Amino acid sequence: MKKNVSSTSPFMGISMLYGVSTCLLLSFNMVVNAEVAQNASQPNVIFLFSDDQRYDSLRMSGDPITETPNIDGLAAEGVFFDQAFVTSPICGPSRANIFTGQWERKNRIGFSSVSKNVISEEVFANSFLMQLKQAGYSTAFLGKHHTTIVDRSNTPLKENIDFCYYGKGHLGFYPAKKHKAFSNLKTKSQTEALFEATQAYLTQGDEFDYFYENADAGFKLSLNKRDSKKPFCAWINFNLPHQSSLGGMGTNQEDPEFYSTLYSDKKDQIIIPNDTPLFPDEVLSVAKMPGYYRLKGKALRDTKLKTARAVYGIDQYVKNLRELLVELGEDKNTIIIFCSDNGLIYGEHGISGKSMLYEEAVHVPLIVYSPFLDAEKAGKRLDSLVVGQDIPATILDMCGVTVPQSFQGGSMVPLLQGDDADWRQEVFLENLFTDQEYPRAESVRGEKFKYIRYFSRENDRNQYLADASIEGEKPIYEELFDLSKDPKEQINLASNPEYASVLNAHRLRCQELVVELAK
């Protein structure tokens, strides 16, 4: 993939991804530096990362019942990326890709239970959080943590991030029931509890002293209130609307009422797909998939109802967060980025779950809001092909911090400014997770066509085979879709002779990207 070259602007830099002219860079930096002088501080950043939230889960992106006025409002004041993808559509690997700024084919993290790899101290030092800390930022990491950094205790994370407050793995709807780290919170429901923790980090004064005084011993030394003299960057990780956190929703009398009542009158409007698999059992045996994803009929409708309520809850978090920033006087200096770690297949293609490389699993909502964005750029929806790995590069670039050479993602700042010259024309997608019946798969997704190839599961279960296709392993099944005519990926053109040249071109490009991204 092509690399970006970061600007040297001290604060709101613009990455010169794929050769924007020096004159444009200097002109933009002059404007930016003037803005910075007026703001007299580096921008703050809040990165909101939801879990298993599909692209079409928002009202603005097509959900028929879920109300998301605050997330939609954030997009109306920022930029919404209509073609945003995660390249490893499953929790752990997707999050590792954000930490490293790399494709899984390069970082080799995966789920540690399969890959046996962890984020090294050197790689963690290059993460966007650590780069910002070294640049003078106060840093925070909250919520779900689904990767391993150096050791089981995640020592570098706890010792270096100023406000480190997480649960390893799934949080559940009531995090304190699963993780004693959250026992110092007054609020029990997950999203509202994470907002309480956000308040404890951002708010000055003694209102949240109880939070620090009652902190679990394992985290007490890792919880430091924001230094008001520094800019801050907070990465907030929800474990919703992931199914593992839907259980028990609304059963506590202290829960907000919407968790038990919202959309009950619209339940019949929830769409239940009735697709059949296009692929043979050699690719994936649906009957052997995890039971918690194999839902049909009423069970699926009930789960999607809870999902809609969970997304509404996250929308309320966005509302409360923006009000808090106004109260703290930080609203005019805080960038907010919203994305999800992956989507989720809910019956489409005759399957459920993730890791498969269909649109429902890899396509996610992505919003970049900046108070520094030119008024005429605000509210735009862009079709540029962007990926999760672009987020850390973008955050650093917007803060004027040099993007590490190890990053494979590029800064989206040129796109925000209306320049899409030489941006990528396709996205490489992959699944290397060989558990829960999922097949290894690789894909090239362009603006028009999408190619997917699958490899044999016969002898690969719980093995990490990142080099197999590089070393010559052949796929057992291929799919080719014309997304312009078949956006739901229902017609496989791989065996259609009229598309033989398109198929061969995508085969070659897929192999090129596998090799290139592994370097």
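**Cavities, a buried helix and strand pairing**

Good morning. The second largest cavity in this structure has a volume of about 30 Å³. The structure is a predicted model, in which local features need pLDDT of at least 70 and side-chain atom pairs count only at pLDDT 80 or more, while totals for chains, interfaces and linings use all residues. Residues are numbered from 1 along each chain as its sequence is written, and side-chain values use heavy atoms, with hydrogens and water left out.

A cavity here is a set of points, on a 1 Å grid over the protein atoms alone, where a 1.4 Å probe fits but cannot get out; lining residues have an atom within 4 Å of a point. A volume is the space filled by probe spheres set on the points.

The second largest cavity is lined by V86, T87, S94, N97, I98, G388 and Q389. Its lining has two nonpolar, five polar and no charged residues. In this scheme Ala, Val, Leu, Ile, Met, Phe, Trp, Tyr, Cys and Pro are nonpolar, Asp, Glu, Lys and Arg are charged, and the others, Gly among them, are polar. The largest cavity holds about 50 Å³ of space, and its lining includes R105, N431 and A441.

Let us turn to helix 10. Helices (H or I, at least four residues) and strands (E, at least two) are DSSP runs, numbered from the N terminus. Helix 10, residues 190-202, has 13 residues and reaches 18 Å from its first C-alpha to its last. Twelve of the 13 residues are buried, so helix 10 is largely enclosed by the rest of the structure. Buried means under 20% relative accessible area, with a 1.4 Å probe and protein chains only.

Which way do the residues of strand 5 point? F232, A234 and I236 point one way, C233, W235 and N237 the other way, and all are buried. In a regular strand the side chains alternate between the two faces of the sheet. Strand 5 pairs in the parallel sense with strand 1 (residues 44-50) over five bridges, and F47 has W235 as its bridge partner. Two strands pair if DSSP finds at least two bridges between them. Strand 3 (residues 138-145) also pairs with strand 5 in the parallel sense, over six bridges, and there T139 is partnered by C233.

Finally, an open sheet of four strands has the order 12-13-14-15, with antiparallel pairing. Strands 12 (426-431) and 15 (477-482) stand at the edges with a single partner strand each, so one side of each is left without a neighbour in the sheet. Within this sheet, A441 stands opposite Y454 in strand 14. Thank you.

How values were computed. On a 1 Å grid over the protein atoms alone, a cavity is a set of points where a 1.4 Å probe fits but cannot get out, and a pocket is an open set with protein on both sides within 12 Å along at least five of seven lines; lining residues have an atom within 4 Å of a point. The expected span of a helix is 1.5 Å times one less than its number of residues. Buried means under 20% relative accessible area, exposed over 50%, partly exposed in between (1.4 Å probe, protein chains only).
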